[in-house]
Amino acid sequence: MSFIHLIGFVLKVGHFILMLCCSMSCLITSVEMKLNQSGKLWVKFVEIFTKYSSMINVHNYQHIGSRKLRKTWLKKLLILWIAFGTIVCLWIFWYLRSQALEKRKETLGNMCDERARMLQDQFNVSMNHVQAMSILISTFHHGKNPSAIDQETFAKYTERTAFERPLTSGVAYAVRVLHSEREQFEKQQGWTIKKMPLIKKDKYNPEELEPSPIQPEYAPVIFAQETVAHVISLDMFTGKEDRENVLRARALGKGVLTAPLDLVKSNRLGVILTFAVYNRDLPSNATQGERIKATDGYLGGVYDIRSLVEKLLQQLASKQTIYVNVYDTTNISNPISMYGTNVPDTGLEHVSPLNFGDPSRKHEMRCRFTQVPPWQILAISTSFGIFVITMLVGHIFHATVNRIAKVEDDYHEMSVLKKHAEDADLAKSQFLATVSHEIRTPMNGVLGMLDMLMDTVLDVTQQDYVRTAQASGKALVSLINAVLDQAKIESGKLELEAVHFELRAILDDVLSLFSGKSQEKGIELAAYVSDKVPETLIGDPGRFRQIITNLMGNSIKFTEKGHIFVTVHLQEEVMDTIDVESESSSKDTLSGLPVADRNRSWEVFRPMGQNAGPSESITLIISVEDTGVGIPLDAQNRIFTPFMQVGPSISRIHGGTGIGLSISKCLVNLMNGEIGFSSVPNIGSTFTFTAVFLNPNGQQVNGQSKSNSQFCNMLAVIVDQRPIRAEVSRYHIQPLGMHVKIVPSLTGMRSLLTKGSQTVHVVLVEEDIWDQDLSKSSAFVYKLRNLDHQVPPKLFLLTNSIGGPRQCNGFSSPPVITKPLRVNMLAGSLQRAMGGYKDNARNGEIPNLSKLLIGRKILVVDDNNVNLRVAAGALKKYGAEVTCADSGKKAISLLEPPHAFDACFMDIQMPEMDGFQATKMIRKTEHTINNRIQNGDLLLQDYAYISKWHVPILAMTADVIQATHEQCLRSGMDGYVSKPFEANQLYQEVSRFFL
Amino acid sequence: MSSVLQLQRQFIDYTTSLHNEGYLDNQFTELQKLQDESNPDFVTEVVSMYFEDSDKLLNNLTTALQQRNVDYKQVDAHAHQFKGSSSSIGAKRVTNVCAHFKGFCEAKNLDGCLRCLQQVKQEYIFFRNKLEALFRLEQQILQAGGSVPMVE
C-alpha cells in the first residue's frame, strides 16, 4: 500500500520538477538550438530578451550597483535551491529506506508470530494429551484394583497414541511412594528405587545406578514409553529439576515445565512437562495441602525442543529466509537457549512470546533474517535522480542568469555605442551646417563676381566659360543649400516661419519655374487648387515651395511624356472623395495616360481626427502626379532615406544628391503633415503630402473675389474632351472673372455658337483636339469669323510645347497659349490678344497695380536722392500719393501713429540708421501705442479709430539673397521688393496688403 | 517729316547701341515708361539729379581716398550710394564698377580703390556724354515736331 503511495508521490514530485525543468530548459535549449538553426530567429529572440533585460535595466538604471546586488542575490538563490534540492533528495532517501525497513520488520514479525503460534498450538495439543493420559492413569491404574495398566500396556498405548503428541519424544509415569511404603513397593515391583544419574554422563548404564537415598517420599517411574523406557525405576525426587517440577505440579494441579535440561541418556536438550495424578477429582479451588495429600503420582512428558522445532519449521515455507531461536526467559538476565544457533547479527530481530501453559515459565521466540538487508536500490536511484534534476535545474538557472547578465552587459555596451553614434551624428550635422554656411558666403561672392564678369565685354568663348562657371556655381549653391537644410533639420535647428502667403501664387511660381523644361519635353504641367482652400494662409511659404519644387523637380526629371499634375485640396474634402478628381477613373487623367493610384499614396496617413489642431488651422493635402518611369518596387521603401537613390546610375543620368525627398519629408513633418506615395513602374508616381497651415481669416474665402474687372462677366468656352484638363483650365480662367463653359468637341462648340444666346468672347481649344482633324478645325475658324455676332470670339490654342507657327489650309493658326497656365500669364495673353477691347493698357500689369495703388499714401525712404526720386516716380505712376523721406529717423517720426500712410517702402542700407533698425523702432512704437490703446490710456478717436497699428513696411533692396529676406522678416518687415522696382514682384508684394 | 523719321531712327539706333554696349539697361527704359503727360520731364529731372549727386559723390570719394587714414567705411558708403543711384538710372557699367569698388573697399585695398575710382570717373563721364547726346537727340526730335519713340 504505502509503497504504491510512495511511487505516486515520487512520480508527482518528478513530474513537477520536470515541468519546471522543461519550461526553463526550453528557454535555454531553444537559445542553443536556434543558434544553430537560423540566425533570424535567434536575433528575434535576443531582441525579446534584450527588451526584457532592458526593462529590468531601465528599472534599475538609476541605482548603480543594483545589478551587482541582484547578481549576488541570484547566486544566493541558486545556492539555496541546491541546498533545498539536496535536502529533498536526502529526505526522500530516508523516507524510502524507512518504508522498506518497516516493511521488512513487518514481514519478519509476521513470520515469527506465525511460527510461534504454531509451536505454541502444537505444544498445547501435546500437553492436553498428556493431561488426558494422566486422567487415564488415575482412572485405570489407581481407580482399579488390581490395576488395569501395566508397563506393557502403557508402552503399547503410548506408542500408538504418539501421533497425538507431536512434540513429545516420550511420556513416563512416576508413582508417589512414601518412605514407609518403600520396601513393600520395591518388593512388589521387583527393583529398587534408583537415584537419578548425573547429567552429562557419556554412558548411561542402568546397572550402575545407585539406589535412591532415604527420603520422606519417592517418585519412582513405573511406566514409560518405549523411547524413554530407561527411566523406569528412577526416583524423580533425586533429580534436581525433576523434583522441583514434581513438587510444583502436585501443588498447582496443572502441567508445569522444567527449564531446558539435558535429557538422561539421549543427552539432548529437552523440557519435561509434568502433571500430577490425584486419587480423586479435586475441585479447582482445592488448597495445596489437599492437592499434595491427594497426589497419587506424576505423569511426565519429554519434549525434545530441537527436533520438534525443526520438524515444525520444515512444515513451513521459506524457512531458509529466517533464523529462529527459542529461549527460556524465566530468568530474564540469563535466557537459556532452547533452540537455534548463534548466527552473526543481521540487525533486525523480532521477538514473539510463547505461552506453553505454565505461568511460572516464560519462553520466547526470536527471529532474524538470514541475510543482511539488501541495498535500497529504489531509494538510492530515486533520490539520486532528484538530485541530478536539482543540479540540472540549478545549472539551467545559472546559465539563464549568466545569459541575462551577458545580454544586459551587451545592451549596456550597445547603448553606450549608440549614444556615441548619435553624438557623432549630431556633431556631423552641426559640422555640416557650419561648413555649408561658411561655404555659402564665399560662394555668393563668387557668383556675384561671375555676374559682373558676364556684364563686361567678353568674347563668345569667354562668355561660354563664364556661363558654365555660373551654372556650376548655382548648382553648387543649391546643393549646399540642400545639405544645409538637411543638416539643419537633423540638428533640429530648422524652424518654420509663420507669415501670410498665397498658395496659388506659389504654385504659379513653381509652375513658371518648370515651364521651360516641361515645354521642352512637351509634358503637360498643371496645377489645381480647390475652391475651398483659402486665398491666403499663414505658414512658411519658402519651405512649402521647396517641397513642391522638390517633388515636381523629381517628377520632371523622370517624366518623358504625359503630364505632371499638382492638386491642392482640403484634407476633409479629399476624405469625402466627392470631387471631380477623385471620382475619375484611371483613364480620365490630364494627359490621358494611366497614372498610379493617388488614393494609395495617402492610405497610410493618420485619420483626419488625429491631427486636429487649433480651430483656425486647416490641413491641406497636396498631390504631385506624374506619368514618369515610376519607382522600382525594391527601391520604394528607401526613397525617403537621405542620400539614397533608386540606383547609382540615377545620379549619373539625372544628377541630384538624393536628399531632396528626405528634406521634403522632414519639412512635411515640421508642418505637422505626412508624406506618402504610390508608384507603378513605367506608369508613374504620385506623391502626396499633407501640411497644416493657419487660416488667417478663420473662414474660407472664395478665390473668385479677386476678379479682374477687365474680363468681368465675359464668357470663355473651353473645348476639351478630358474633364480633368478642362477643369484645370477653368480653375485658371475663373479668377479673371470670366464665366467658363466646357464643351467636349468642336462640333459641340459649333452648335453652342449657332444656337447660343450668349455672346462668347473667348474660345480656348486644346491642341490635340485642334490637331485631330485640321480640316475640321479650319472650317471651324472660318465659321467663327463669319458668325452673325458683331465681334467674333477670340480663339486660342492651349498647347504644351513651343512649336513652330502653324498653318492650316491657308489660315494661320490661332494664337497659342503655352501651358502651364498661370493666372498672370493668362491675363497677359488675353489682354494682348484682346487689345481691341480695352486701350488703356500699355502693360498688362499696370492696371492691376494702379488698381491696387491708386489713392494710397505711401512713404518711400531712401538716402539716395536718385533712388528716392525713381521709386517715387514709379509709385506715382500707379496712382499712389508718395511722400519721400531721406533717412530712417525721418521715417520713424513720420510713421508715428496716428498717420495716414498705407504702406512704407524702406531702403535697407542707409547711413546712421539702416532700414532694419528703423523698422524695429517703428514696430516698437506701434506696439507701445497699441498696448496703450488697448489699456485705455489713449483715446481711440485720437488714433483714427484704429486699435491695431501696423503699417506694412517693405524693404527695398538690390540684394535678393534669402538671408536678407529672413532678416527683413525678423526685423518686422512685411516683405521686400527688389530695387529697382520690378512690376510683377511689386504687384505680388503689394497685393498682400491692398487686396 | 523725313528728317523726323530719320531723327527717330537715329534715336532708336543710338539707344539700342547704348544698350548693347552696356551703358544702359532696362531700368532706363522703365524710367522712360514712367514719364507721361502728368510728369513730362521725369527722365530729365531724375537724370540731372543723378548728375548733381554723382559729381558730389565723386568729389567725396576722391577726397576720402586722399586722406592719410582712409576711412573705408565712409568710402564704401559713398560707393554704395553711387551704385544705388546708378542702378536706379540704369547706368549699368557705372553700377558694375561701383560693385567692384565696394569689393575693394571691403578688402581695404587702397590701390584697387584708387584704380576703381579712376574707372568709375571714366565710366561716369562716358555715360554722361552718351546720355547728354541722347537728350540732345530727343530735343531735336521734339523740336522737329516728332514724338520720342519707345525702345523696348
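Okay, let's start with a helix: α25 of chain A, residues 915-935, lies across β29 and β30 of chain A and runs at about 150° to β29(A). Some ground rules, quickly. Helices (H or I, at least four residues) and strands (E, at least two) are DSSP runs, numbered from the N terminus. Axes are lines fitted to C-alpha atoms, for helices over the stretch in contact, and angles run from 0 to 180 degrees between N-to-C directions. Contact means heavy atoms within 4.5 Å.

Keep in mind that this is a predicted model, where local features need pLDDT of at least 70 and side-chain atom pairs count only at pLDDT 80 or more, while totals for chains, interfaces and linings use all residues. Residues are numbered from 1 along each chain as its sequence is written, chains are lettered from A in the order in which they are written, and side-chain values use heavy atoms, with hydrogens and water left out.

So what sheet is under that helix? β29 and β30 belong to an open, parallel sheet of five strands in chain A, ordered β28-β27-β29-β30-β31. Two strands pair if DSSP finds at least two bridges between them. At the edges stand β28 (881-885) and β31 (975-978) of chain A, each with a single partner strand, so one side of each has no neighbour in the sheet. On average, neighbouring strands here are turned by 25° against each other, direction ignored.

Zooming in, β29 (residues 903-907) and β30 (residues 953-957) of chain A run parallel, joined by four bridges. A:Cys904 has A:Ile953 as its bridge partner in β30(A). Helix α23 of chain A, residues 865-877, packs on this sheet too, touching β27 (857-861), β28, β29 and β30 of chain A.

Now, how many residues of chain A are in contact with chain B? There are 18, and they meet 26 residues of chain B. The area buried between the two chains is about 2100 Å², with 54% from carbon and sulfur atoms; that's the accessible area (1.4 Å probe) that two parts lose on being put together, summed over both.

Across this interface the rule finds one salt bridge, meaning a side-chain nitrogen of Lys or Arg within 4 Å of a carboxyl oxygen of Asp or Glu. B:Glu45 forms a salt bridge with A:Arg869, their closest N and O atoms being 2.5 Å apart. On the side of chain A that touches chain B, α9 (377-455) and α23 of chain A each supply at least two residues. And α23(A) gives the most, with eight residues.
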